[in-house]
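Please examine the model shown below, with its sequence beside it. The explanation that follows is meant to be read with both in view.

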Amino acid sequence: MIHKQVVNHRQIAWLVGSLLMTGMMISFLRTVVQVAKMDAWFSQILPACYALLVAYVLSELVRAYPGKNLFEIVFIICGKWIGGFINLLILFYIWIILALDIKGAADFLHVSLLPQTPLEIILLVFVLLLMYYGKTSLEVAARVNEIYFPAYFIMCLMLYFLLMNEYSIERLEPILSTTFERIAVSNLLPLGVYGDILLFGAFLHASSEPRLLFAAMKHGIMIVCFTTTIMILILLGVMGYVIASRLNFPIYILVQQIHLTDFLDRVEMILFSLWFPAFSIKVIVAYLAFLVGVGSFGGQLHYNTYNAPCGCFLVVSTLLAFPKVADIDQFISYSFPFIVILFQVPLLLFLFIVARRKKREEGQTLIPRGTKLHRFYRMMVWGGAISFAGCILTILLGDMLSDKSPAAGIATAIAYIIFMVIALLASYGEMQALNHGKQRLGRPKQQGNFRQ
Amino acid sequence: MNRLFLLLFGLMLVCSFWDFILKRKHMERKQQIVIYSLYALSVIGIYAVQYQHDKMLSTGFFLNIFTPQVKTWIEHML
């Protein structure tokens with residue numbers, strides 16, 4: 001069954017934002033703070049680099065195999081049996097993401113908000129929500145995400161102003177005083193969460209413009225990198241690393257610290273009501289990717305028929321997985337990055353080599369050379385790359401060369417934040433320039449014509 | 001296991017399986033095998049959860065099998 005659908009560049013960027021950012025907010029940040037202490041807010045740069053590499057490989061696959069998703073590409077390259085085995089591994093990886101998120105959210109709701117409701121019921125209701133969206137497609141999830149993600153993003157940034165009365169910069173100091181090894185390890189731990197971007201492989205057939213897809217994913221990754229850095233900065237500034245590293249749900253407790261006035265109580269409920277839909281969209285995207293994967297085995301392009309059996313399977317399997325809350329935290333912090341490196345890196349390397357070797361027709365460039373738009377585009381690309389490299393260099397130089405004085409630390413922190421903001425703005429400029437180029441070429445609706 | 005959950009999940013499983021039985025003639029054989037496998041896994045899973053067979057073969061242990069090694073490696077590095 002063929003469906004015509006449209007997922008534009010902004011929706012892709014915001015979906016990437018939801019996908020990577022919301023999962024981290026339950027309990028993951030605790031381990032990062034435990035490792036890197038007051039310098040935990042430098043922990044997002046290496047995972048963002050990794051996510052950019054994954055996005056680049058996915059865009060190369062779109063260029064080499066237009067109109068095909070990751071599962072189809074693996075079947076084409078490796079054949080029925082080996083391809084089937086690799087696709088089973090990808091399905092298992094997606095199941096891990098689903099089990100982590102569904103069980104993590106159910107445990108969080110059970111412990112913090114609904115202590116009288118049985119865990120199984122919370123889990124069942126959540127899977128029913130997934131099954132409802134499973135009848136639709138990525139387009140619906142992307143449109144719902146367009147409502148909630150901007151509000152969630154703004155609320156995350158507003159946390160600083162809402163918690164200004166509790167914030168103390170002294171809790172962050174001395175900046176970059178922890179060892180380089182600790183900062184490096186804290187950069188490895190979020191690899192598991194950032195590896196979730198591979199889920200977009202299941203929707204590669206949605207895109208016909210690889211360069212725009214990469215730019216959109218890059219912008220999404222930069223949003224996540226920037227926002228998570230700010231969130232950790234606020235968490236550390238309000239609580240300090242000692243308290244933050246001992247809390248099961250640090251962000252939830254952080255939001256509970258908002259005391260604006262005496263009559264405005266429980267502001268965390270407002271933030272929670274924005275976080276939960278954005279988080280649900282993340283799980284919905286993972287569920288849709290799971291359905292696409294299962295569908296590739298059944299030889300059906302239309303995956304609705306698998307919705308009910310997959311829902312039943314998910315309810316049972318997530319009940320079996322991660323029996324204790326501590327298991328989830330341990331897995332996401334230690335095993336998950338290891339699994340991502342072990343599984344994703346060889347797979348993506350193999351797919352990248354195959355995609356580069358495959359002869360393909362060079363399509364028309366989105367932005368003609370020599371134009372003003374092209375100059376702007378080049379400036380944004382190089383500006384973003386230099387700023388991103390500047391972030392890494394700032395950490396290296398700050399850690400190695402600074403005399404560990406408070407003034408040098410603050411100067412390093414300011415430089416790091418400025419570079420990150422420039423990289424975020426440049427990624428937006430790059431995405432917009434490519435989109436304008438596409439509009440001028442008169443191919444506005446080609447992207448997103450894909451099968452469900 | 002919560003009885004209300006068992007009732008609701010059982011109903012969901014039976015209704016969706018009945019729906020599949022009615023529609024299976026229009027489906028390809030490959031597709032039918034995939035759906036049968038998913039239902040079989042669900043039934044085995046709910047049996048294991050209900051009669052606590054998961055306590056003997058802990059899934060939490062298998063999923064976290066790398067955790068102690070990675071944790072030790074990190075502690076060694078730091």
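This is a predicted model: local features need pLDDT of at least 70, side-chain atom pairs count only at pLDDT 80 or more; totals for chains, interfaces and linings use all residues.

Residues are numbered from 1 along each chain as its sequence is written, chains are lettered from A and ligands numbered from 1 in the order in which they are written, and side-chain values use heavy atoms, with hydrogens and water left out.

The contact between the two chains comes first. With contact taken as heavy atoms within 4.5 Å, 41 residues of chain A and 37 residues of chain B take part. The size of an interface is often given as the accessible area lost when the parts come together. Here chain A and chain B bury about 3,400 Å² between them, and 78% of that area is on carbon and sulfur atoms; buried area is the accessible area (1.4 Å probe) that two parts lose on being put together, summed over both. B:Met12, B:Leu63 and B:Leu78 contribute 18% of the area that chain B buries against chain A, more than any other three residues.

Side chains of opposite charge can pair when their charged atoms come close. A salt bridge is counted when a side-chain nitrogen of Lys or Arg is within 4 Å of a carboxyl oxygen of Asp or Glu. By this criterion the structure holds 10 salt bridges over all chains, while the count between chain B and chain A is 0.

One of the salt bridges pairs A:Arg10 with A:Glu146, whose closest N and O atoms are 2.4 Å apart. A:Arg10 belongs to helix α1 (residues 9-21) of chain A and A:Glu146 to helix α6 of chain A, so the pair ties together parts that are 136 residues apart in sequence. Helices here are DSSP runs (H or I, at least four residues), numbered from the N terminus. How accessible are the two partners? Relative accessible area under 20% means buried, over 50% exposed, and in between partly exposed (1.4 Å probe, protein chains only). A:Arg10 is partly exposed because its relative accessibility is 34%, and A:Glu146 is partly exposed, at 21%.

A salt bridge also joins the side chains of A:Arg30 and A:Asp329, at 2.1 Å from N to O. This pair links distant parts of the chain, with A:Arg30 in helix α2 (residues 29-36) and A:Asp329 in helix α13 (residues 325-357) of chain A, 299 residues apart. Both A:Arg30 and A:Asp329 are buried.

Helix α13 of chain A also holds A:Arg356, whose partner A:Glu60 lies in helix α3 (residues 45-64) of chain A, 296 residues apart. The closest N and O atoms of the salt bridge between A:Glu60 and A:Arg356 are 3.2 Å apart. A:Glu60 is buried at 2% relative accessibility, whereas A:Arg356 is partly exposed at 44%. Salt bridges that share partners join A:Glu60, A:Arg63 and A:Arg356 into one network.

Several loop residues also deserve attention. A:Arg246 lies in the loop between α9 (210-244) and α10 of chain A, and counts as exposed because its relative accessibility is 66%. A:Arg246 is 216 residues from A:Arg30 in sequence, yet their C-alpha atoms are 7.0 Å apart in space. A:Lys37, in the loop between α2 and α3 of chain A, has a positive phi near 55° although it is not glycine. A:Leu176, in the loop between α6 and α7 (180-188) of chain A, likewise has a positive phi, near 60°. A:Lys37 is partly exposed, at 27% relative accessibility, and A:Leu176 is buried, at 0%.

The cavities complete the account. At least two lining residues come from each of α6 (138-162), α10 (250-256) and α11 (268-298) of chain A.
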